[in-house]
Amino acid sequence: MSFHHLQRWPDSCVAASMCIIQRWRGEVPTEERFRRDNPSRDPMMISRLLPRVVPRIVELGEEHELQLPLRGDRIVAVTAIGHNYDAWRRRALPTLRSPHGSIGPELHMVVLSTRLRDGFGFMDPFYPAEAQPLEVSDNEFSRWFAGHAFIASR
Amino acid sequence: LARLAPDRLEDLEHERAEFSWHDLDTCARVFGLRVDDLLAGEAGRAPMTLLLRSDQDESGLAIRDNLTAESCELLGEFQRVLRDIAELERELGRERPALPPIEDPAKPNLHPGERRARAVRMALGLGEEPIASMIELLDKLGISILWSSTAERALDGACARAPIAAVLVVLDEGPPTPWRTRATLAHELCHLLFDLHPERPVLLSPSAVRGPFLSSLERTARAFAASLLAPVLGVRRLVGSVDPTSEVAIAIVGSTFGVGRTLAINRLQHTFSLTDDKRLAMEHRMGANEALTYAANFTGDRPPERFGLRGEPLFGLVRQALQHGRIPPSRARRLLGISPLDHLPFEGLDPELCKPAVSPRDYALRSAFTYLVERHPGFVAREVEPLANGGWRVGVHDDRGERGSLLIGPAGSVEKDDTSGEAGTEG
């Protein structure tokens with residue numbers, strides 16, 4: 001997929017996920033501007049800084065509902081529990097390396113781009129484009145998903 | 001029937017709102033479809049669409065008159081489970097026998113129900129003997145049986161030919177009534193064999209029928225059930241020289257053929273051409289405490305222990321599909337409606353497959369993060385300690401260090417916010 005964007009700073013996954021949305025829309029990514037406009041790196045700012053993005057809380061057990069926007073030409077930025085995400089990544093993709101090192105216990109953000117038979121295909125701005133999209137099963141996704149989804153339309 | 005609020009419906013129709021998963025799920029159920037089927041454009045040829053269309057053609061809205069919102073939900077869910085069963089059977093490489101084609105013989109002197117029952121007994125080689133187990137009979141024919149129970153029954157049962165042949169038995173909550181179960185199974189077998197066709201792949205049996213069209217179908221199916229369970233020649237041979245109006249006759253017919261008192265009396269009346277007055281007198285003995293109680297062997301027609309639409313047979317198929325790696329645990333959970341926090345209840349299966357998808361600890365962490373993102377952006381949930389009440393204390397930090405804690409209740413809600421200050425961080 002051509003719309004991946006590698007984050008330029010280790011703590012820039014929210015801004016970089018917004019850039020993935022921009023690239024998916026065919027726009028020029030503006031990671032630096034997003035960092036400037038969102039210094040606290042608040043995920044909720046996505047829907048304020050980007051048009052046509054709708055935030056939503058997804059309850060445990062309802063994660064499969066995220067397939068609905070993905071089927072309708074939309075993509076979904078989601079929050080991830082950093083520690084659980086990194087534990088999954090080490091198990092599922094042990095050779096994947098990032099120029100920024102490892103993900104810490106903080107919130108992380110990735111962008112779901114496709115629904116798979118069991119799980120999701122997604123873009124992680126923390127890791128280089130070559131390995132992307134990454135894939136995660138529904139079970140594993142529910143272990144690291146932190147509950148917030150930001151649904152982006154074209 | 002989907003019970004969408006009129007305002008919401010108007011917004012959706014005028015594209016002022018988007019369908020949520022819940023909206024789609026509710027609408028899909030009305031058609032007897034799952035959300036995936038609805039999105040694949042199957043609504044036009046869904047069984048419920050065809051049923052309501054056939055209804056318009058044949059009976060002047062009779063089906064709709066008999067379809068309450070509750071029974072529509074039940075019927076829709078019944079058909080969704082059939083789709084799940086059919087899909088799992090495909091994935092497991094299972095095949096089921098095709099229903100035997102049984103002709104409705106042209107014998108104008110017989111009631112259609114009696115006529116059909118005789119044809120079925122002959123085709124299946126049942127002779128005039130009692131049917132020990134209706135469940136076993138349907139199983140041999142490749143017909144799945146689904147079970148549901150309700151406090152206020154609007155439907156006795158339902159049946160479908162597609163995607164698999166199946167019947168639904170709706171039981172009363174409370175003491176079991178196995179004679180009614182047997183009658184319902186026989187009743188639905190009649191609909192399945194004679195009343196369903198490609199343009200009407202599903203049919204319901206309301207508890208109280210409205211309208212002439214459905215009344216006629218129901219009368220025939222009721223007569224079929226009675227004749228199939230207690231055939232005339234079998235009843236005559238069994239009663240022999242006993243007074244057919246006696247309590248002994250009622251008891252031996254009821255216990256031998258596994259039918260309830262009313263059905264036994266009706267069969268005696270039919271077999272021995274008893275007058276309506278005599279029939280009434282037999283029935284009224286019940287109220288005068290002169291009736292004999294009798295016991296029949298109903299062990300072959302007990303509902304399964306795992307009850308409900310998503311109990312057996314779906315439950316067993318999900319287990320096998322999971323065991324053989326045909327479906328992932330997440331799909332097993334969705335099919336059975338089991339929370340990610342609970343174990344899959346499959347004894348003897350690899351514990352790794354059955355363990356909760358999300359531990360209570362991780363659920364507490366997720367609840368804390370969901371809360372912090374909205375209330376305290378930049379704060380991070382870290383240490384999770386169990387509390388005596390089943391809840392959790394989650395330590396909260398930011399770039400500068402500790403920022404207090406959140407108390408998360410056993411159900412995952414934030415019960416107390418002991419955090420302080422403002423912060424900002426991110427991975």
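How many salt bridges does the rule find across the interface of chain B and chain A? The legends below take that up, and they describe a predicted model.

**View 1. Salt bridges where chain B meets chain A.** The rule finds 7 salt bridges across this interface. One pair to look up is D399(B) with R41(A), whose side chains meet in a salt bridge at 3.9 Å, N to O.

**View 2. What chain B brings to the side that touches chain A.** At least two residues each come from helix 2 (21–31), helix 3 (35–39), helix 16 (329–336), helix 18 (360–375) and strand 5 (380–386) of chain B. Helix 18 gives the most, with 8 residues. Sorted by class, this side of chain B has 19 nonpolar, 14 charged and 6 polar residues.

**View 3. The whole contact.** Here 41 residues of chain A and 39 residues of chain B take part. Put together, the two chains bury about 3300 Å² between them, and 57% of that is on carbon and sulfur atoms.

**View 4. Chain B by itself.** Chain B is built with 18 helices and 8 strands. Its C-alpha trace spans about 95 × 50 × 45 Å along the principal axes. The radius of gyration of chain B is 28 Å, while a compact globule of 427 residues would come out near 22 Å. Even so, 53% of the residues in chain B are buried. Of the contacts in chain B with a separation of 6 or more, 58% link residues 24 or more positions apart.

Key: Residues are numbered from 1 along each chain as its sequence is written. Chains are lettered from A and ligands numbered from 1 in the order in which they are written. This is a predicted model: local features need pLDDT of at least 70, side-chain atom pairs count only at pLDDT 80 or more; totals for chains, interfaces and linings use all residues. Side-chain values use heavy atoms; hydrogens and water are left out. Contact means heavy atoms within 4.5 Å. Buried area is the accessible area (1.4 Å probe) that two parts lose on being put together, summed over both. A salt bridge is a side-chain nitrogen of Lys or Arg within 4 Å of a carboxyl oxygen of Asp or Glu. Helices (H or I, at least four residues) and strands (E, at least two) are DSSP runs, numbered from the N terminus. Ala, Val, Leu, Ile, Met, Phe, Trp, Tyr, Cys and Pro count as nonpolar, Asp, Glu, Lys and Arg as charged, and the others, Gly among them, as polar. The radius of gyration is taken over C-alpha atoms; the globule rule is 2.2 Å times the number of residues to the power 0.38. Buried means under 20% relative accessible area, exposed over 50%, partly exposed in between (1.4 Å probe, protein chains only).
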